[in-house]
Every structure is written in C-alpha cells, then in structure tokens.
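Hi,

Here is the structure I promised to pass on.

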Amino acid sequence: MNRYYRSGVRFAVPLALLLVLCVCLPPRLSAQTATLQNAGFEGHWHEQGAGELVLPDGWTLEYRDGSHPWCESPCKRPEVKPNTEYVTEGQYSIRSFTTFSRGLYGIWQEVAVPSGSWWTFTCQVRVESNPPGELAAFVGIQPWGAGLFERQMVWGQETQAQLDWQTVSVTARAYGSRIRVAMGANNKWPTQNNTLWWDNCRIESADFGDDCPDDCPECPECPGCPPCEGGGCDVETIKAALLEVLRGLRWGVVD
Ligand SMILES: [Ca+2]
C-alpha cells in the first residue's frame, strides 16, 4: 500500500508544481478574446426576483436604495424591462427607469479574462429625463470582479445627452481572472422621469503590447482591495485546478 502511495506522490508533486507555474505565469499580451453573453439582448430574458425586473440572461441588476448612506435623497429600485421601441441592433434593447425618485444602479455581467489583460467595454445608450439633463449614463469595469459600488470600480465618462443614441465606453485592466462589466445610471435628484435604453454592448481587447502609451489608463491604487469578492482571485483558480488534478490521478505502481 505504501508503494502505491509513494508512486502516486511521485506523479502528483511535479504535476502540481507545473500547474501552479502555468497558472501563475503572466499572460502574453497578444490579442485576447472574451465572451460577453447576450451582448445585444436578443436572447432569453428572466425575472430577477420581481415582475418589475426582467433582465436579459447573463445580466444582473445591482442598485442602492434609501437605506444606504450614499442615497441622501432616497434611491429606489429601478424597473427593468425588454423594449422594442428604441433599438440600435436586432429587435430588443433594455429599458430601465425610475419615476419621482433617485436611481443609482448598474446592470452587470461577469466575464472570464486572463489576469493582467486590458479590456474596453462599450455600449450604446439613449437617455430621457424630465426635466432634461438630470440623468447620467455610463459604463464601467470592475477589475477584481467585485461589486459595482466597491471603490475599485472604474467608470467611464458619463453622458447626459437627451434622446439621441450615444456610445459610451471604458478601458481598464483585469486584476484577477474575472471582471464585471456594467451599464450604470445615476440621477441626482428625484425627478419625474428617468429612463435609459441600452443596446449593442461589446467587449474588446485593449492590447497595448509592450509599449504602453503615455496616456495609458491605469487601474486605481488598490492597497485595501476586497479579497476574492465575486470569485475574482487567481488563488481560487489554482486551488480548483489542483484539486481537479489530484482527483484525476490514478494511484498505481509505476516501477
Ligand atoms: Ca438589441
């Protein structure tokens, strides 16, 4: 029995070391690809716990409400529905809105990416608020795969332009093996009508190669990053991969 055990260990230790090295090596900065599920919202939709929240599969709503200190004038949960009135691609867009209340929310998706890679997330958005100019729309990337309201979130430049479709984007680097991309909304006052239409999102590699330009966008300083929230840390990937290898080993005599 001990002989079986020793033989298995002879295989397991070098394999485990090799796997750790493979997972930990930095990715090459060649062109990367990532999969964004249901990017144009033309697939299936689902309810997220309430009939007023109907989201495209792959996407999740996160919002602040009046109990949160960020919402000095109360924020309320938006309504989210599929829409066919205003679209830029296919037949459906996302319509999200609040009425007579603040709204601070985002609709996000987690995307698997190589750690250290750079990404640009882009969507089209149509803004309609009453009174005009009180509703801001933007997109963001959470480099750790953590929550949208964690301070590491990188939000792009906002638009408040009324009625015409706008293109908004943001570029950031992944710290872990997963990022969250998000469409965000904020209206500072509880105005009468605050409606957004979102469509035609995409994620693309922002490959700077070895020569990062002077205006290369940097991720925020991160001395107190949340550990592993959202499963974004490589250590979890390493642990899972090692366990898989060890489970798959066949213990037997090799000499
Ligand atoms: Ca669409």
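Below is what turned up, sheet by sheet and then the core.

One thing before you start: this is a predicted model.

Let's begin with a sheet built around strand E11. Five strands form this open sheet, in the order E3-E6-E11-E8-E9, and they pair antiparallel. At the edges you'll find strand E3 (60-63) and strand E9 (154-155), each of which pairs on one side only.

E11 itself covers residues 178-187, and ten of its ten residues are buried. Which residues sit on each side of E11? One side has Arg 178, Arg 180, Ala 182, Gly 184 and Asn 186, while Ile 179, Val 181, Met 183, Ala 185 and Asn 187 are on the other, and both faces are covered. If you're wondering about the every-other-residue pattern, side chains in a regular strand alternate between the two faces of the sheet.

Now for the partners of E11. Strand E6 (residues 103-112) runs antiparallel to E11, joined to it by ten bridges. To find this pairing on your screen, look for Trp 108, whose bridge partner in E11 is Ala 182, or for Glu 110, which stands opposite Arg 180. Strand E8 (residues 135-142) also pairs with E11 in the antiparallel sense, over eight bridges. Here Leu 135 is the one to click on, as it stands opposite Asn 187.

There is another open sheet of five antiparallel strands, in the order E4-E5-E12-E7-E10. Strand E4 (79-83) and strand E10 (165-173) each have a single partner strand, so one side of each has no neighbour in the sheet. Ignoring direction, neighbouring strands in this sheet are turned by 30 degrees against each other on average. E4 pairs with strand E5 (residues 93-99) over five bridges, in the antiparallel sense, and Val 80 has Ser 96 as its bridge partner in E5.

Last up is the core. How many residues does the largest nonpolar core have? It has 45, and those with the most contacts inside it are Ile 107, Trp 119, Val 125, Ala 137, Val 139 and Val 181. The elements that give it two or more residues are E3, E6, strand E7 (118-130), E8, E10, E11 and strand E12 (193-205). E7 gives the most, with six residues.

Leaving aside its neighbours within four places in sequence, Val 125 is in contact with Ala 137, Thr 159, Gln 166, Val 168, Leu 196, Trp 197 and Trp 198.

How values were computed. Residues are numbered from 1 along each chain as its sequence is written. This is a predicted model: local features need pLDDT of at least 70, side-chain atom pairs count only at pLDDT 80 or more; totals for chains, interfaces and linings use all residues. A residue is buried if 20 or more other C-beta atoms lie within 10 Å of its own, exposed if 12 or fewer, and partly exposed in between; C-beta atoms are placed from the backbone. Helices (H or I, at least four residues) and strands (E, at least two) are DSSP runs, numbered from the N terminus. Two strands pair if DSSP finds at least two bridges between them. Axes are lines fitted to C-alpha atoms, for helices over the stretch in contact, and angles run from 0 to 180 degrees between N-to-C directions. A nonpolar core is a set of buried Ala, Val, Leu, Ile, Met, Phe, Trp, Tyr and Cys residues joined through C-beta atoms within 7 Å. Two residues are in contact if their C-beta atoms, placed from the backbone, lie within 7 Å.
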